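The points may be read alongside the coordinates.

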Amino acid sequence: MRIEQLEYVAAVTQHGSLRRASEQLHISQPALSEAITKLERELGVTLLDRRRSGAKISREGQELLHSMSDVLEAVDRLRLAAGDRSAGISSVRVGTVHAGTSTVLLPALRRFGDEHPRTSVEVRTMVQEDIYLALTEGTIDVGLVNLLDGDDLPPTVDGTALLHGRPIVALPAAHRLTSRDEVTVEELREEPFVGMRSGYLMHRFAHRVFGRDLPHHWHATDGAEMGKMMVGEGLGLTLLPDYSVVGDPRETGGHITVRPLAGDRSRVTMVAVQRHNARTTAGTRSLLGLLAETAARAQPSAGS
């Protein structure tokens, strides 16, 4: 067993395919595949599920992945102690539905960068189910998801509640409905609507609110960030968690504003998730702690 073989498995897990991993590692794909095959023979397990669509970590590989990471971290510490300047450079991968980007995620990442200058962060926009799957497969380390009251996390992940809020109507600051203290479902139904794509919690919530009588003019987009941009451009109104809008530069800058949805008492929670019983790296633990600290300070302004 060689250290680089463990690094190869970690790279395929991170990048999702042998091709992308070989490009990042600057070795040929056949050489990469052969090195991992030799490791599989030595360990007596199949580490990768190789398919035409790409290679993913196998179930057996998932069970060994954290042990491999422990070995690689120990080797990295040894190199760092020996004066290898390239050692100690690591990454934390975050999958997010773009919940609380301005109020929690970005402030936490700024602090993380100051405290961990040798650790990079990769942020991916993903739908909720893909976040759960990526955590299980080890292709991300932390996820940020939204849950409505009554929703449960899958048994494959553990969660820490960060923010509690409620769904609200986001609308352009100059819209006629800003004169109302709250917006009714009937009023919202008559306006062009910016809905989240299927797979996002607010897509499910919007269909719960409207029932079978949907708005006639419905745009669809991925995530809160694009939704807020479209609202700011006057393309429609949307439904989002209050903590995704309150404190956002578009809201504080006077481009968009929020109103309660009349008659609705739903609650929504932003949750940081990670793989069940995961043995996390120091960087991942630090980022989770910073997310929790940042959320605790942001909670009063998020309309709890």
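1. For the residue classes used below, Ala, Val, Leu, Ile, Met, Phe, Trp, Tyr, Cys and Pro count as nonpolar, Asp, Glu, Lys and Arg as charged, and the others, Gly among them, as polar. On that basis, the lining of the second largest pocket comprises six nonpolar, eight polar and eight charged residues. The model under discussion is predicted.

2. The second largest pocket holds about 410 Å³ of space. Its lining is made up of 22 residues, and those nearest the centre are Gly 16, Ala 55, Lys 56, Glu 137 and Thr 139. At least two lining residues come from each of helix H1 (3-15), strand S1 (48-51), strand S2 (54-57), strand S4 (119-125) and helix H6 (128-137). Domain 1 (1-87) and domain 2 (89-160 + 268-303) each contribute at least three residues to this lining.

3. As to the overall architecture, the protein contains 11 helices and 12 strands. Its C-alpha atoms fill a box of roughly 70 × 40 × 35 Å along the principal axes. Of the 304 residues, 49% are buried. Among contacts with a separation of 6 or more, 74% join residues 24 or more positions apart.

4. How many cavities of 30 Å³ or more does a search of the whole structure find? The search returns one. The largest cavity has a volume of about 80 Å³. Its lining consists of 14 residues, with Val 97, Asn 146, Tyr 200, Met 202 and Ala 224 nearest its centre. By class, nine of the lining residues are nonpolar, five are polar and none is charged.

5. Helix H8 (201-210), helix H9 and strand S10 (238-241) each supply at least two of the lining residues.

6. Helix H9 (residues 223-232) is mostly covered, with seven of its 10 residues buried. The buried residues are Gly 223, Ala 224, Glu 225, Gly 227, Lys 228, Met 230 and Val 231. Ala 224 is also among the residues nearest the centre of the largest cavity. Just after H9, Gly 234 adopts a positive phi of about 80°.

7. Gln 128 belongs to helix H6. This residue is classed as buried because its relative accessible area is 8%, under the 20% limit. Leaving aside residues up to four places away in sequence, Gln 128 touches Val 97, Val 145, Asn 146, Leu 147, Gly 199 and Leu 201. Two of these partners, Val 97 and Asn 146, are listed among the residues nearest the centre of the largest cavity.

8. The segment around helix H2 deserves a separate remark. Leu 25 lies in helix H2 and, at 29% relative accessibility, counts as partly exposed. Beyond residues up to four places away in sequence, Leu 25 touches Tyr 8, Ala 11 and Leu 32. The C-alpha atoms of Leu 25 and Glu 7 are 9.3 Å apart, and the two residues are 18 apart in sequence.

9. His 26 lies in the loop between helix H2 (18-25) and helix H3 (29-43). With a relative accessible area of 71%, His 26 is exposed. Most residues other than glycine have a negative phi. His 26, however, has a positive phi near 60°.

Key:
Residues numbered from 1 in each chain as written. Predicted model: local features only at pLDDT ≥ 70, side-chain atom pairs only at ≥ 80, totals over all residues. Heavy atoms only, no water. 1 Å grid on protein atoms, 1.4 Å probe; cavity = no way out; pocket = protein on both sides within 12 Å on 5 of 7 lines; lining within 4 Å. Points joined across faces, edges and corners; volume = space filled by probe spheres on them. Helix = DSSP H or I, 4+ residues; strand = E, 2+ residues; numbered from the N terminus. Domains from an automatic or database assignment. Buried < 20%, exposed > 50% of the residue type's maximum accessible area, 1.4 Å probe, protein only. Contact = heavy atoms within 4.5 Å.
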